[in-house]
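I opened the notebook to look up how the two chains meet. The entries follow in the order in which I made them.

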2 protein chains.
Amino acid sequence: MGTSRVTIADVARRAGVSPTAVSFAFHNPDQLGAETAQRIMAAVRELGYAPSPFARALVSRQVGVLGVLVPQGIGAIFENPFFAAFLQGVGTACAEQDRSMLVVGSPVDGTLEDVIARAPVDGFIIVGLNEGYREIEPLRRRGVPFVIVDGDSETVSSVNVDDEGGASRAAAHLLAAGHRDVLVLTFETPYGHLDDPLHGVGGRRLRGYQQAFRDARVAWRDQWLIPSVASVEGGRQGFLTALRSGLRPTAVLAVSDAIAAGALAAAARAEFRVPEELEIIGFDDTILAELSCPPLTTVRQPIVDKGRIAAELLLDALADRGSAERIVLPTELILRGTTRAPEIRTRSRHNKHRRTDDGV
Amino acid sequence: MGTSRVTIADVARRAGVSPTAVSFAFHNPDQLGAETAQRIMAAVRELGYAPSPFARALVSRQVGVLGVLVPQGIGAIFENPFFAAFLQGVGTACAEQDRSMLVVGSPVDGTLEDVIARAPVDGFIIVGLNEGYREIEPLRRRGVPFVIVDGDSETVSSVNVDDEGGASRAAAHLLAAGHRDVLVLTFETPYGHLDDPLHGVGGRRLRGYQQAFRDARVAWRDQWLIPSVASVEGGRQGFLTALRSGLRPTAVLAVSDAIAAGALAAAARAEFRVPEELEIIGFDDTILAELSCPPLTTVRQPIVDKGRIAAELLLDALADRGSAERIVLPTELILRGTTRAPEIRTRSRHNKHRRTDDGV
DNA sequence: GGCCTTTACTAAAAGCCTTTAGACCATAAT
DNA sequence: ATTATGGTCTAAAGGCTTTTAGTAAAGGCC
């Protein structure tokens with residue numbers, strides 16, 4: 001408060017050495033006589049000196065911080081179990097290198113660009129934005145390395161999962177069980193130029209569903225597609241909207257577990273028996289899927305790994321080792337309680353389906 | 001990579017002005033002629049200039065980052081739904097001021113102290129550590145403001161909840177229903193000097209339970225107290241340990257929802273009917289409580305608010321307004337599916353209990 | 001025309017650290 | 001005895017920006 005910061009010069013004076021020596025005492029003790037080094041560290045303790053992270057970063061060009069950029073309100077980020085798992089992966093990789101993690105979301109007033117520009121990080125993990133996106137141009141110019149997650153990139157590393165494959169397997173599972181009246185709940189993307197439903201993970205998953213319909217020669221009907229807010233509440237609304245427009249689905253494909261859980265809740269309220277009268281398949285395999293009642297059949301993606309791998313790729317880029325890699329992680333259909341047991345009918349068939357997704 | 005950063009001097013040269021003018025163009029455009037300001041901004045765009053956050057922070061003593069310090073492995077942090085909610089609160093307050101949020105956990109190799117020392121933040125929110133804790137001394141000396149959450153402080157602001165009250169109400173609820181064989185699952189705190197079970201939130205909650213036993217004149221038995229790892233798995237193990245040592249509880253008090261959920265799962269496996277044969281009360285009211293089957297009766301604490309308020313207090317401290325405040329938020333017993341409906345017997349009594357916790 | 005005020009801009013310092021190149025001294029090698 | 005070696009330590013530059021104090025020119029006023 002009142003007293004001004006204690007600087008390296010203060011310590012140097014106290015210990016009767018040059019500032020250089022103090023710096024060496026921290027980073028290069030071997031350069032110093034043992035006795036001197038001790039005297040310096042004693043002065044450090046007495047004065048309670050800690051180097052300014054900013055001055056240090058200014059010269060060493062390293063802060064020890066990895067940024068995670070998610071173009072959503074921070075509230076939305078932490079309500080979404082996907083991000084909890086993802087950040088766990090990123091954080092784990094950070095902790096292994098004694099780094100910490102900066103979470104950057106869309107600000108309430110200012111622009112995302114400003115917040116990015118001011119972020120004190122060594123590099124960024126950018127989630128859900130393609131490389132070409134305007135807001136990230138400044139990063140490139142500032143020379144801040146970044147990697148892309150759930151988005152496309154030609155020039156930097158990216159981590160994605162096989163959304164289309166997973167979605168297609170989910171849809172195929174339902175179609176093989178004979179369903180024709182399948183309600184599809186997709187993301188209603190609220191982000192301007194990302195609005196095109198063929199963009200982003202929502203678009204990919206949708207394409208996967210459609211592919212399965214084509215493969216099974218079942219007609220795709222756009223009226224059975226309901227865009228929903230990406231939350232439990234959104235899923236509930238989506239399902240109700242469907243009912244109100246007169247649809248009577250026997251199965252639901254949801255592009256996220258949250259949406260699926262909402263649909264499940266709404267269905268239970270409307271006295272559908274799940275899975276006997278209504279089968280539901282979600283996406284992601286977040287904690288929601290495991291905990292819902294009954295537990296959700298869903299397409300699992302390795303979320304924690306995704307975060308960890310993204311962080312590792314970024315660390316590679318920071319160390320200037322490794323070149324741009326495009327990782328695509330597998331997805332897997334996890335059968336739980338919102339689909340009927342398929343073993344009786346089509347065990348071999350489904351096993352085949354499930355096997356298409358190994359390898360990285 | 002190859003090209004070195006473009007600095008303010010480059011822009012100045014390009015626009016034919018001094019670096020000062022460029023700085024003014026950003027922060028004080030009124031000081032400049034309109035035409036000059038435009039020329040400068042044009043040069044900024046052409047060169048793709050972005051000020052270095054570090055140089056800027058060095059002089060302005062502001063980075064726009066709030067740190068959240070949790071003395072646990074980052075993996076553990078993000079597996080815990082409590083922190084998701086808490087960070088949501090902190091993040092919301094950050095976003096409102098165009099700041100971002102740095103999450104600092106215990107590193108794998110290095111020391112917490114080092115990571116703290118290097119963290120580029122304006123201030124810290126410290127969770128679960130008392131003011132006197134060694135690791136935070138450097139912060140005080142470095143002059144980094146901080147607030148304490150779930151811990152005690154004489155000199156800085158703190159945010160806590162009425163853990164004892166909530167725990168006591170939970171225990172009283174069970175005792176009033178006639179339970180005598182109550183299994184108590186507490187935290188097994190793995191952090192050195194925090195190991196004393198009377199420290200930390202675990203200790204407070206334990207004291208609350210014990211108080212209720214005293215009030216109800218029911219003997220407290222230490223063999224019925226099982227320390228458990230703070231996770232679903234930990235709760236499962238804790239319950240099984242109890243069974244193996246021959247305990248046959250009719251009710252469970254768990255100091256967190258995760259532990260309660262684990263106990264619930266283990267109980268279901270062991271063919272206990274919940275709540276008919278076994279009543280369970282958790283703590284926190286995280287998403288786990290709502291989603292478990294049956295949904296968990298629990299002691300709710302306002303987690304998101306807790307985070308938001310902590311951030312706001314820190315922002316106050318940063319702005320040098322307001323003095324150290326001690327906030328204690330209320331807790332509330334939320335009756336759900338793991339306890340039997342109490343209305344029949346003791347409605348008025350329980351309402352009275354629930355009312356003791358309003359006000360901030 | 002001399003003095004004062006504005007306006008538009010700049011020089012220089014401050015902010016704090018790391019790193020490079022080199023000084024100085026004592027000891028070992030030739 | 002002289003040079004090389006190695007161990008300790010320092011001076012000074014560099015990293016990039018903001019801010020304070022101040023200059024120079026233009027205009028207004030008496």
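In which sense do S2(A) and strand S2 (residues 100–106) of chain B pair, and over how many bridges? I find them antiparallel, with three bridges; strands count as paired if DSSP finds at least two bridges between them. In this pairing I looked up Met101(A), which stands opposite Val103(B) in S2(B).

Ground rules: the model is predicted, with pLDDT of at least 70 needed for local features and 80 or more for side-chain atom pairs, while totals for chains, interfaces and linings use all residues. Residues are numbered from 1 along each chain as its sequence is written, chains are lettered from A and ligands numbered from 1 in the order written, and side-chain values use heavy atoms, without hydrogens and water.

Next I took the interface as a whole. I count 54 residues of chain A in contact (heavy atoms within 4.5 Å) with 54 residues of chain B. The two chains bury about 4700 Å² between them, 66% of it on carbon and sulfur atoms; this is the accessible area (1.4 Å probe) lost on being put together, summed over both. On the chain A side, Phe54(A), Phe78(A) and Arg118(A) lose the most area to chain B, together 15% of what that side buries.

I then asked which elements supply that side. Those giving two or more residues include helix H3 (34–47), helix H4 (53–60) and strand S2 (100–106) of chain A; helices (H or I, at least four residues) and strands (E, at least two) are DSSP runs, numbered from the N terminus. H6(A) gives the largest share, seven residues.

Last, I checked salt bridges (Lys or Arg side-chain nitrogen within 4 Å of an Asp or Glu carboxyl oxygen) and noted zero between chain A and chain B.
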